[in-house]
Amino acid sequence: MCAEPYTVTVVFASNARGMLPLSVAAWSVAEQAHDSTVCDICILSDGIPAAQQEELRALVRRAGERHRVRFIEIDRVLPEGLKVVGERWPRVAWARVFLPDLLPEVHRAVYLDIDTLACTDLRMLAETDMHGAALGVVLEHVSHVGSHFNERLDIPQGCLGYFNSGVLLMDLDVFRAEGLVQRVIDFAQAHGDVLTCPDQDALNGALCDRLFQLHPRWNWHDGLTRLIARKSPSAKLWRGNTPVLSVEAALSPAVLHYQGVHKPWLYNHRIEAARYEQSMLRAGLAQSLPLPGFNWADAVKRALYRPVYAFTWWRIRRMARLLGARRGDACGTAARHPVENC
């Protein structure tokens with residue numbers, strides 16, 4: 001029996017400089033969608049030329065004619081006074097905050113940074129029961145006395161913790177009903193002198209009491225996979241998540257987030273480089289391997305890290321058996337045992 005069609009609204013934000021990673025990320029979302037999932041891909045654009053827009057539409061149509069791509073220009077959307085820090089955080093990064101106003105007809109949206117790769121159908125995430133929360137997030141750190149974010153951002157100890165905003169499940173109806181866009185703006189303007197990751201800090205500070213904790217597989221930083229080899233399974237927490245959740249995320253990432261300086265669309269030695277490279281090849285965004293940016297220093301690192309990565313995967317599989325970790329979509333979307341504040 002065929003599943004009923006379901007539309008998932010997936011949002012990216014980019015300028016023209018980000019077209020290559022944006023294209024890979026959008027392709028992966030459409031490619032991973034099940035036959036009953038329709039992807040409504042919305043690009044918050046800061047001056048992306050019309051020709052590049054059409055190229056992206058054509059690329060996504062190759063993954064399925066049912067999917068669509070639309071662009072929304074953010075010019076004149078951002079109010080004055082919001083802190084923008086250089087090229088690292090361009091102004092388009094703020095645009096996701098205004099989604100409730102930019103997409104008035106949409107009830108729920110999945111926001112993804114452009115340096116992500118979808119590894120499964122996003123319908124499962126979009127349908128998550130958030131129990132009235134405004135944001136579904138993956139934690140990076142748990143609230144505790146003396147933490148860098150609790151004190152700096154005036155986040156109460158009773159709040160869950162600090163999250164990475166590269167993947168967000170946003171209930172736009174809750175944002176509208178509770179006036180949360182204005183709350184984020186007010187927080188940013190009141191704390192402008194302490195914001196280091198401006199939009200992410202503002203979202204954390206303003207909405208710390210309106211969060212739902214997602215399973216870390218929905219925003220898994222591939223660099224954390226290698227760190228598991230140095231962790232003890234008896235530890236209470238690994239970077240805001242329990243050991244079992246972290247092992248599940250490494251084995252079965254739903255969204256891989258390639259944050260950091262080594263970007264996967266250029267040749268590098270990341271532990272999850274191959275998965276991104278294969279996606280680029282399937283999309284026709286790379287003609288052959290190695291990717292551009294090949295250099296002998298990274299080639300040597302890649303060779304030297306092979307035994308390290310082999311040991312890492314062996315240890316992860318061993319820990320999975322020890323901890324009773326689940327695999328694939330059996331992991332679910334929500335953290336089965338949400339972390340408690342320290």
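Which residues is Arg 217 in contact with, leaving aside its neighbours within four places in sequence? I started there, keeping in mind that this is a predicted model.

**Entry: Arg 217**
I placed Arg 217 in the loop between strand S8 (211-213) and strand S9 (220-221). I then listed its contacts beyond four places in sequence: Met 124, Ala 249, Ser 252, Pro 253, Ala 254, Val 255, Gly 328, Asp 329, Cys 331 and Gly 332.

**Entry: nonpolar cores**
I looked up the largest nonpolar core, which has 45 residues. Leu 44 and Leu 135 touch the most other members. Helix H7 (residues 180-190) gives this core its largest share, six residues. Apart from this core I found another, of 38 residues, including Trp 27, Ile 43, Leu 56 and Val 69.

I went back to Leu 135 for its contacts, not counting residues up to four places away in sequence. Leu 135 touches Met 130, Phe 163, Leu 168, Leu 169, Met 170, Phe 175, Leu 207, Arg 210, Leu 211 and Phe 212.

**Entry: H7 against H8**
How do the axes of H7 and helix H8 (residues 198-206) cross? They come within 8 Å and cross at roughly 115 degrees. I therefore noted H7 and H8 as roughly perpendicular to each other. Their crossing is right-handed.

From H7, I listed Arg 183, Val 184, Phe 187 and Ala 188. They meet Asp 201, Ala 202, Leu 203, Gly 205 and Ala 206 in H8. I sorted the residues of this contact into six nonpolar, one polar and two charged.

Key
Residues numbered from 1 in each chain as written. Predicted model: local features only at pLDDT ≥ 70, side-chain atom pairs only at ≥ 80, totals over all residues. Heavy atoms only, no water. Core = buried A, V, L, I, M, F, W, Y, C linked by side-chain atoms within 4.5 Å. Buried < 20%, exposed > 50% of the residue type's maximum accessible area, 1.4 Å probe, protein only. Helix = DSSP H or I, 4+ residues; strand = E, 2+ residues; numbered from the N terminus. Contact = heavy atoms within 4.5 Å. Axes fitted to C-alpha atoms, helices over the stretch in contact; angles between N-to-C directions. Parallel < 35°, antiparallel > 145°, perpendicular 65-115°, else oblique. Left-handed = near helix turned anticlockwise from the far one by under 90°. Nonpolar A, V, L, I, M, F, W, Y, C, P; charged D, E, K, R; others polar.
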